[in-house]
Amino acid sequence: CVAASLSKKRLPLARFIGDSAAPVAANFDVVVIGGGHAGTEAAAAAARCGSRTLLLTHRVDTIGQMSCNPSFGGIGKGHLMREVDALDGLCSRICDQSGVHYKVLNRRKGPAVWGLRAQIDRKLYKQNMQKEILNTPLLTVQEGAVEDLILTEPEPEHTGKCRVSGVVLDGSTVHAESVVLTTGTFLRGVIVIGLETHPAGRLGDQPSIGLAQTLEKLGFVVGRLKTGTPPRIARESVNFSILNKQTPDNPSIPFSFINETVWIKPEDQLPCYLTHTNPRVDEIVLENLHLNSHIKETTRGPRYCPSIESKVLRFPNRLHQVWLEPEGMDSDLIYPQGLSVTLPAELQEKMITCIKGLEKAKMIQPGYGVQYDYLDPRQITPSLETRLVQRLFFAGQINGTTGYEEAAAQGVIAGINASLRVKRKPPFVVSRTEGYIGVLIDDLTTLGTNEPYRMFTSRAEFRLSLRPDNADSRLTFRGYKEVGCVSQQRYERASWMKSSLEEGISVLKSIEFSSSKWKKLIPEASISIGKSLPLRALDVLKYEEVDMKLLAKAIPEPLKKYIECRELAERLKIEATYESVLFYQQQQINEVQQDEALQLPKDLDYLTLRDVSLSYEVREKLHFSRPETIGAASRIPGVTPAAIINLLRFVKTTQ
Ligand code: FAD
């Protein structure tokens with residue numbers, strides 16, 4: 001069991017920064033290794049839960065660094081950010097102090113799948129995150145590279161497993177009750193450009209070798225993944241005048257529930273521009289494959305954020321989008337999203353300059369790839385504690401995910417649970433029916449992953465209730481009451497919103513007129529209000545052309561008070577839109593939850609099964625996975641909630 005070193009030597013610690021009240025001693029409740037997106041959330045969450053926490057990271061000046069894209073959010077990812085925020089996490093608030101272009105994606109679809117997204121000023125994000133982290137009570141920050149773990153005998157109730165009790169830095173040790181590992185792409189990280197490789201966690205940062213060896217020696221199953229980043233281009237060298245311009249939304253929708261607005265007005269935000277690749281780009285990629293070792297590597301890269309080489313190979317003769325995104329308000333750099341590449345640097349420049357608008361582009365930093373170790377996430381429990389070593393937690397890219405938001409979501413859960421473990425309290429687990437965080441962690445811990453995992457709305461079975469707008473009502477109260485990771489201010493705001501929504505909905509239900517009267521009151525909606533039936537105001541609010549402002553104009557009393565807060569007015573409209581489908585979906589959630597453990601007959605032939613409506617794709621998936629229970633069937637990716645309900649009802653009637 002004690003494969004890692006059991007260092008007894010205690011040397012003076014390197015450099016402590018931050019909470020001046022914290023003792024400069026080598027004993028903490030929780031130690032978090034890594035100051036990336038998972039680590040910052042984990043450290044802050046553990047401290048919010050009342051644990052004396054130490055964040056150990058290579059460099060304080062890289063805390064909050066965005067290794068790749070200068071943006072946060074998007075479809076599925078925006079949902080995760082709202083949930084992190086609902087638990088009083090950091091990234092949404094920090095984005096609202098650093099965003100330079102806000103745009104909600106997927107607007108043409110329903111609000112349940114809107115993707116809150118923003119371009120972020122890298123420098124500002126880092127500065128604001130560092131300020132937040134260095135001023136968090138109970139949180140101390142120390143620079144250093146963790147080389148090893150300290151392990152002790154197992155706790156009596158968990159015989160057979162060893163327990164982590166601290167970490168070993170270069171020449172010193174720190175003792176901790178729980179340890180959270182969030183080392184991102186650093187475990188045996190190798191950077192690749194063309195045929196050149198060198199060890200690094202990301203450009204300019206050393207890799208973590210000792211820790212990777214320790215984890216392997218302990219018996220953890222380790223895999224290898226790869227990812228990459230595009231070159232950066234000098235802003236002044238781009239000819240924006242011939243490109244499609246995308247302007248930000250007006251008004252900007254903040255990421256955080258506690259913000260009414262963001263730090264910068266829409267008219268002062270920066271635009272993005274769209275260009276495309278062309279056949280010449282394909283030629284350069286294809287002619288030079290022999291000079292590109294990253295693309296030849298058989299390890300898996302991010303399927304949903306592929307390199308330009310993968311796109312050219314998988315989808316030949318297509319034009320691919322390249323978004324030219326600002327890196328910040330006063331940055332001279334442009335980030336060409338969609339152009340992640342690992343060709344030798346001179347060929348990257350050649351490729352860039354054959355793209356429209358980039359004919360005279362100057363490359364400031366070449367794109368590069370990174371290959372790294374990750375740990376099979378089936379080795380962790382839903383609280384993110386490892387099954388092999390007690391009180392050791394993993395969060396972020398180390399678990400095979402990709403993306404800042406996925407990392408942040410795991411970080412907040414690992415930090416909370418590391419703290420709860422110290423207090424010997426039961427773990428805090430978010431279920432699939434409660435949040436995208438639950439979907440993410442359940443997918444990872446039950447199915448594992450062999451390619452970088454990213455979040456999509458299609459991964460969630462109950463999309464209509466797991467909306468970005470209602471993450472606070474799903475998680476803030478649990479965070480406040482069960483674990484204490486939510487501030488009083490946020491709790492009060494969420495409570496006010498909850499009671500205002502309930503009151504607003506009941507008022508809207510109580511106002512009822514004939515459809516002819518509604519047509520006169522709201523002529524804008526007269527086509528939709530067709531039949532001559534009595535209609536409640538809540539029903540009228542469901543029509544696309546009606547919003548709370550229009551309703552309140554028609555019936556100022558008692559509705560005008562509900563339009564004073566933009567968020568409340570929008571949420572009432574969303575609640576009205578989903579009222580009946582949600583009622584139906586809640587019944588389905590209850591049904592599946594009640595019967596999660598229901599055994600599926602072992603001899604069920606899914607391929608030929610009649611009397612139950614299942615698509616061929618679902619039948620195939622059930623046939624190959626042979627789940628034992630309804631719960632297990634519901635977790636197979638691609639098996640839809642409707643299919644599960646049909647299967648559940650079929651099995652119950654034939655039993
Ligand atoms: P990171 O943000 O990487 O943070 C790890 C932290 O751990 C760092 O602060 C590091 O200094 C610290 N650390 C590591 N080892 C030690 C140690 N032994 N001791 C002390 N501190 C240590 N995501 C996408 O969604 N799309 C992309 O296209 C994409 N491309 C990427 C390209 C590159 C080159 C890289 C490096 C990452 C890319 N990502 C991409 C991933 C995204 O950056 C990560 O998913 C996210 O940053 C992971 O957060 P994390 O907290 O797990 O790790």
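The legends below describe close-up views of a predicted model.

**View 1. Residues around the ligand.** The shell around the ligand holds 39 residues, and those that come nearest are Gly34, Gly36, Gly184, Gly396 and Ala407. By class, the shell divides into 24 polar residues, 13 nonpolar residues and two charged residues. At least two shell residues come from each of α1 (37-48), β3 (53-57), β13 (222-229) and α10.

**View 2. Helix α1, a contributor to the ligand shell.** The helix has twelve residues, and from its first C-alpha to its last it reaches 17 Å. This span is close to the 16 Å expected at 1.5 Å a residue. α1 is mostly covered, with twelve of its twelve residues buried. Among the buried residues are His37, Thr40, Glu41 and Arg48; the buried residues of α1 also include Ala38, Gly39 and Ala42. Glycine 50 follows α1 and has a positive phi, near 100°.

**View 3. Packing of helices α2 and α10.** Helix α2 (residues 77-86) packs with α10 at an angle of about 30°, and the two axes are 9 Å apart. Because angles under 35 degrees count as roughly parallel, α2 is roughly parallel to α10. The crossing in which α2 passes α10 is left-handed. α10 also supplies at least two residues of the shell around the ligand.

**View 4. The cis peptide bond between asparagine 250 and proline 251.** Omega at this bond is about 5°. Proline 251 is found in the loop that runs between β15 (244-246) and β16 (272-276). Most peptide bonds are trans.

**View 5. The cis peptide bond between glutamate 557 and proline 558.** Here omega is about 10°. Proline 558 is found in a helix, α17, which comprises residues 556-559.

**View 6. Arginine 424, a residue with positive phi that is not a glycine.** Most residues other than glycine have a negative phi. The phi of arginine 424 is about 55°. Arginine 424 has its place in the loop between α10 (404-422) and α11 (436-447). Arginine 424 counts as exposed because it has 7 C-beta neighbours inside 10 Å, and the cut-off for exposed is 12 or fewer.

**View 7. Aspartate 611, with positive phi although it is not a glycine.** The phi of aspartate 611 is about 65°. The loop between α18 (566-594) and α19 (616-625) contains aspartate 611. Aspartate 611 counts as exposed, because it has 8 C-beta neighbours inside 10 Å.

**View 8. Tyrosine 616 in helix α19.** Tyrosine 616 has 8 other C-beta atoms within 10 Å and is therefore exposed. Tyrosine 606 is ten residues apart from tyrosine 616 in sequence. In space, C-alpha to C-alpha, the two tyrosines are 9.3 Å apart.

**View 9. Lysine 573 in helix α18.** The C-alpha atom of lysine 573 is separated by 27 Å from that of glutamine 246. Along the chain, lysine 573 and glutamine 246 are 327 residues apart.

How values were computed
Residues numbered from 1 in each chain as written. Predicted model: local features only at pLDDT ≥ 70, side-chain atom pairs only at ≥ 80, totals over all residues. Helix = DSSP H or I, 4+ residues; strand = E, 2+ residues; numbered from the N terminus. Buried ≥ 20, exposed ≤ 12 C-beta atoms within 10 Å, placed from the backbone. Near = placed C-beta within 6 Å. Nonpolar A, V, L, I, M, F, W, Y, C, P; charged D, E, K, R; others polar. Expected span 1.5 Å × (residues − 1). Axes fitted to C-alpha atoms, helices over the stretch in contact; angles between N-to-C directions. Parallel < 35°, antiparallel > 145°, perpendicular 65-115°, else oblique. Left-handed = near helix turned anticlockwise from the far one by under 90°.
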